[in-house]
Amino acid sequence: MVKARIPTFPKILVTSAAGKTGMPLTFQLLEQGYPVRAFVRRRDARADALANAGAEIFEGDQYCLSDMRRAMTGVQRAYQCAPTAPNGLHFNAVFTAAAFEAELEHVVTLGQWLSSADHPSLFTREVYLGDILIRMSPKMSVTSVNPGWFADNYLMVLDMAAHLGLFTMPLGDGDTKKNAPPSNDDIASVAAAALIDPGTHAGKTYRPTGPELLSPNEIAAAMGRALGRKVKYMDISEKMMIKALRALPPSNYSEAAVSQLAIYAEEYRRGSFAVNAPTRDVELVGGRTPEDFESIVRRRVAARPDLRASLPRQLCAVRDFAKILLTQPLDLNKVQAERDYVRLREPRFCQDTPEWLRTHAPRGTALQSGRVA
Ligand SMILES: NC(=O)c1ccc[n+]([C@@H]2O[C@H](COP(=O)([O-])OP(=O)(O)OC[C@H]3O[C@@H](n4cnc5c(N)ncnc54)[C@H](OP(=O)(O)O)[C@@H]3O)[C@@H](O)[C@H]2O)c1
């Protein structure tokens, strides 16, 4: 239930408000009585849901400085969330310039657990730079929320699990390669706490995770229990993942984004998402018990009646599988070269980077530690 507004509450701008974390964040802030301006690309059902919950809708282009300036007028705090899309640094520069001009008091930025200076992923290096830029104003405080691989990523292949009993991702060995996946709502809860109480959270960096490390086989088993059928993990090649991302909805990733997701899968196989996970940030900062993966899948299954087994749906899944096989793979090097991506002579994955290892050492709230293969 939405609480009555208290006029003295600061107004909060949520960018990417129709996205995975922006939507639950907007709902959570409204529930706590905070006025929220929700930055959306267009007026659609998601924007209507945000408006019905009490958000003020700002429709615009969040890569456009003039729009961002208008969106920040009369706002005191903001959530900085670059879409998973090209030009992240441009978004971050636009956001930072507008935030500086609007003299915001506090920003919560959604970064990445992988964030490092020399990372092979351009998107990740842009996140790293964006984090430095937003912290340069002495008058504006910042909290960084740096999650790893979202639980939501696994749900991209839920149709295949529901109708063919296969959990297909290039995550390496089914027993050893682990992640503690956070739900979108739990990530949002940490951001909400930091936006509401800058006094406590300014200058801090958090890493929301799910409650436990799970292997791909355990992820498949949890999907199976939620779907009421046996689901088997299939370690597919990177080439196959790229074909699947290109062939099937709901993925709306550009070729450029796909090239970066392939690098994140490599980090997954290297064990970087398992380092120092799980943390207690969702519980201690977000104030809630982190949602376990099976519950996250159950929620999605409940919202999607089309995941129920039926012969026509199974045939559609077989057709989709054939479509993936027939889709042309992408030459990722060519994709990056064609876009004139800035590329480093000696890029380094996280666990090969001394600065990343030093800055990602266990903290008070981390439950486990150590280099993970
Ligand atoms: N997924 C992961 O595992 C993971 C892990 C760590 C960090 N992250 C970080 O998470 C961030 C993405 O957060 P998210 O998943 O919450 O966001 P998201 O779901 O990608 O949402 C982005 C939103 O921005 C909107 N948008 C795109 N271009 C726009 C434009 N020009 N003007 C206005 N709106 C625009 C999109 O609209 P449409 O929906 O209409 O396209 C979408 O609603 C990235 O910065 C990524 O680095 C992700």
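**View 1. The protein chain is divided into domain 1 (12-149 + 182-206) and domain 2 (151-180 + 209-273 + 290-347).** The bounds come from an automatic or database domain assignment. The model is predicted: local features need pLDDT of at least 70, side-chain atom pairs count only at pLDDT 80 or more, and totals for chains, interfaces and linings use all residues. Residues are numbered from 1 along each chain as its sequence is written.

View 2. Contact means C-beta atoms, placed from the backbone, within 7 Å. Helices (H or I, at least four residues) and strands (E, at least two) are DSSP runs, numbered from the N terminus.

**View 3. Seven strands form an open, parallel sheet in the order 3-2-1-4-5-6-8.** Strands pair if DSSP finds at least two bridges between them. Strand 3 (56-59) and strand 8 (205-206) are at the edges with a single partner strand each, so one side of each has no neighbour in the sheet.

**View 4. Strand 6 (residues 141-145) runs parallel to strand 8, joined by two bridges.** Ser-144 has Thr-205 of strand 8 as its bridge partner.

**View 5. Helix 5 (residues 122-134) lies across strand 4 (77-80), strand 5 (106-110) and strand 6.** Helix 5 runs at about 175° to strand 5. Axes are lines fitted to C-alpha atoms, for helices over the stretch in contact; angles run from 0 to 180 degrees between N-to-C directions.

**View 6. Of the 21 residues around the ligand, Ser-16, Gly-19, Thr-21, Arg-41 and Pro-83 come nearest.** A residue counts as near if its C-beta atom, placed from the backbone, lies within 6 Å.

Note on methods. Contact = placed C-beta atoms within 7 Å.
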